[in-house]
Amino acid sequence: MRDAEAVTFARGALDRAAHLRADASLATDPRALCLALWQGKPLIEPGPPPHLAWLPMAADVFAGARTAPVFLGVAGGAPRFAREIPDWEGAATGPRPFFDDSRDHHPGLPQGLDFGDLRAVMAELSVSDAGTAAAAKGILGWHATHRFCARCGAASAVADQGWKRTCPACGAEHFPRTDPVVIMLILHGNSVLLGRSAAWPPGMYSLLAGFMEPGESIEAAVRREVWEEAGVPVGEVDYLSSQPWPFPSSLMLGCRGEALAREIHRDPAELEDARWVTREAVLAALAGQDPDLKPARRGSIARFLLERWLADTLD
Ligand SMILES: [Zn+2]
């Protein structure tokens, strides 16, 4: 697919400089800067356009952080890090909606700098900032959920400035995980197969998707998922584009598949609804003309693939 990397999160411009990961002195380099995240939400300057806010390594807001900063790479001649900050007094730590466009302000930070959910700001950030934010959220999320050795259960330690965890008890080394997910534009004639999960906001429909299983090819996973969720047999499958999706650690593998039949046998445990939607109906929905059909949001690979299907630019 031409221009496949135009999808949000796919074009991080940061030089990851992996050869410098063993150099612990970078964190004390006076030029070093750090992106603060709170509960996985990056610190944003409002702009316009909104962009990531970089702080000095020793900013007060990092006091009491549970983990060391993770080295993201080098940009503008400066080492760049990311670090999760602890809750502050008065922080709103309660549950949030699926789509959370609220902003959270830390009292120790200048006015205007706020933490924002990446899902809500992803389409407004520059391609470079979106890629950096995805990497930061992904790696910090991995540390937050992999504090213990998967082999023996002992507490593991951060190594290589965040790109490895080692186990002092059994010697195992653990590396950041990425979980492949297939997401597919299933076509039949002039229609695309869309489905919705019961947990989604009312009216939201998207492409079917699912985690790949061990021992499976991308193509086989596409066919299995569509068959399991919608009971639709799929023939030819081809890969189109991929998107890092740090919610929390997925890599979306965007594919196109040709449905061999139109009849849907939905699994109600997986999908609340599934339906064939014509090009014209998707166009109308994207234009906001259908209150009962809200296609995936801007910034998602589902939206990216739908728009390219409508524009006939999938190849
Ligand atoms: Zn171990």
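## Close-up views of a predicted model

**View 1. Helix α5 is largely enclosed by the rest of the structure, because 9 of the 10 residues in this helix (residues 301–310) are buried.** Buried means under 20% relative accessible area, exposed means over 50%, and partly exposed lies in between, with a 1.4 Å probe and protein chains only. Helices (H or I, at least four residues) and strands (E, at least two) are DSSP runs, numbered from the N terminus. The buried residues of α5 are I301, A302, R303, F304, L305, L306, R308, W309 and L310. Just after the helix, D312 takes a positive phi of about 60°.

The model is predicted, so local features need pLDDT of at least 70 and side-chain atom pairs count only at pLDDT 80 or more, while totals for chains, interfaces and linings use all residues. Residues are numbered from 1 along each chain as its sequence is written, and side-chain values use heavy atoms, with hydrogens and water left out.

**View 2. The largest nonpolar core has 47 residues.** A nonpolar core is a set of buried Ala, Val, Leu, Ile, Met, Phe, Trp, Tyr and Cys residues joined through side-chain atoms within 4.5 Å. The residues with the most contacts inside this core are L185, V192, L207 and W309. Contact means heavy atoms within 4.5 Å. When neighbours within four places in sequence are left aside, L207 is in contact with I183, M184, L185, V192, L193, L194, A302, L305 and L306. A second, separate core of 21 residues includes A17, A36, L43 and F115. In soluble globular proteins, nonpolar side chains tend to be buried together.

**View 3. The side chains of strand β15 (residues 208–211) alternate between two faces.** Two strands pair if DSSP finds at least two bridges between them. Strand β12 (residues 179–188) pairs with β15 in the antiparallel sense over 4 bridges. Within this pairing, I183 stands opposite A209.

**View 4. Strands β5 (residues 70–75) and β6 run antiparallel and are joined by 5 bridges.** A75 stands opposite A78 in β6. The hairpin of these strands has 2 residues between them, and G76 takes a positive phi near 60° there.

View 5. The ideal angle for four tetrahedral donors is 109.5 degrees. C152 in the loop between α2 (127–145) and β9 (157–159) and C167 in the loop between β10 (164–166) and β11 (173–174) link distant parts of the chain, 15 residues apart. C152 is partly exposed at 40% relative accessibility, whereas C167 is buried with a relative accessible area of 4%.

**View 6. The rings of W38 and W88 form a tilted pair.** Rings of Phe, Tyr and Trp (its six-membered ring) pair if their centres lie within 6.5 Å; planes under 30 degrees apart count as stacked, over 60 as edge-to-face and the rest as tilted. By this rule the count comes to 7 aromatic pairs. The ring centres of W38 and W88 are 4.6 Å apart, with the planes at 45°. W38 lies in strand β1 (residues 33–38) and W88 in the loop between β6 (78–84) and β7 (103–104), so the pair ties together parts that are 50 residues apart in sequence. W38 is buried, with a relative accessible area of 0%, and W88 is buried at 12%.

**View 7. Cis peptide bonds join G47 to P48 and P48 to P49.** Omega is near 10° for the bond from G47 to P48 and about -5° for the bond between P48 and P49. P48 lies in the loop between β2 (41–45) and β3 (51–52). Most residues other than glycine have a negative phi, and most peptide bonds are trans.
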